[in-house]
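Thank you for letting me speak today.

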Amino acid sequence: MLHALPLLVLALSAAPVPPPARALNTEGFRLYQAGRYPEALEKFQAAVREAPDYALPRYNAAATLGVLRKQGQVCEYGAHRDVIVEHLTQAVKLDARRLTRARQDADFDGIRDTLGWQRLQGRVPEKEADVPFLLRNVGWYGPGVGVHGTTRGLRFRTQGRVTLWNRDVDAEGKPHRSELSGTYSVKGRQVELRLRGEAPVTGTLTETGALTFPQWGTFTDAPSECDA
């Protein structure tokens, strides 16, 4: 989140902003500083509605959602990774300086392993040459299973290592996590996994950013959360 002096400087140097939107953003910033994050979010969102082309409250809304996500309040305030990325992306489109700040802002630690964040850095799934980088730097989550959410995921690492994790829920509703390690190789968009004790599995990273395996379904960068 911005500090008070940079906030004032940006407010004075940016294009004219309707006074009500500026006032709402300032109120939100003070609430953020006081740790009153839900109230701060309301003010930033109101400022965006008042002035859709005002980058600062969009950025601040994204940062506040990032804090709420860290606090485990995802479902209460819609602090989903894709929502945070969208707010930040719009802020950067309106003011490219927001990206420089976001790279240093701990409020965005929870979205740095998303395709949206990587897209802001210039790495995109449409480019086949970016496929290996995206595999390693994005968190991949399998389909959700009702109230249990995502129960399977992949983590690609350096030196061709990969881990498939599973979260099983027992009869008492208690989750148990297990992991299966192995290696992987990439050829174009095709990804071959060789997990310990298992037959090789081949999948594809599509241009839209979906990692698909015939045996397991589709993995994306968005875990299933808040499903009933």
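Is R119 buried, partly exposed or exposed? R119 is partly exposed, because its relative accessible area is 40%, where buried means under 20% relative accessible area, exposed means over 50% and partly exposed is in between, with a 1.4 Å probe and protein chains only. Before going on, please note that this is a predicted model, in which local features need pLDDT of at least 70 and side-chain atom pairs count only at pLDDT 80 or more, while totals for chains, interfaces and linings use all residues. Residues are numbered from 1 along each chain as its sequence is written, and side-chain values use heavy atoms, with hydrogens and water left out.

R119 forms a salt bridge with E126, and their closest N and O atoms are 3.3 Å apart; the term stands for a side-chain nitrogen of Lys or Arg within 4 Å of a carboxyl oxygen of Asp or Glu. E126 is partly exposed as well, at 38% relative accessibility. The structure holds 13 salt bridges, and another of them joins E225 to R69 at 2.8 Å, N to O.

Let me turn to the rings. There are 7 aromatic pairs, where ring centres of Phe, Tyr and Trp (its six-membered ring) lie within 6.5 Å, and planes under 30 degrees apart count as stacked, over 60 as edge-to-face and the rest as tilted. F213 and W216 make a tilted pair, with 5.2 Å between centres and 50 degrees between planes, and both residues are buried. W216 and F219 have centres 6.3 Å apart and planes at 65 degrees, so this pair is edge-to-face. Together, F213, W216 and F219 form one aromatic cluster.
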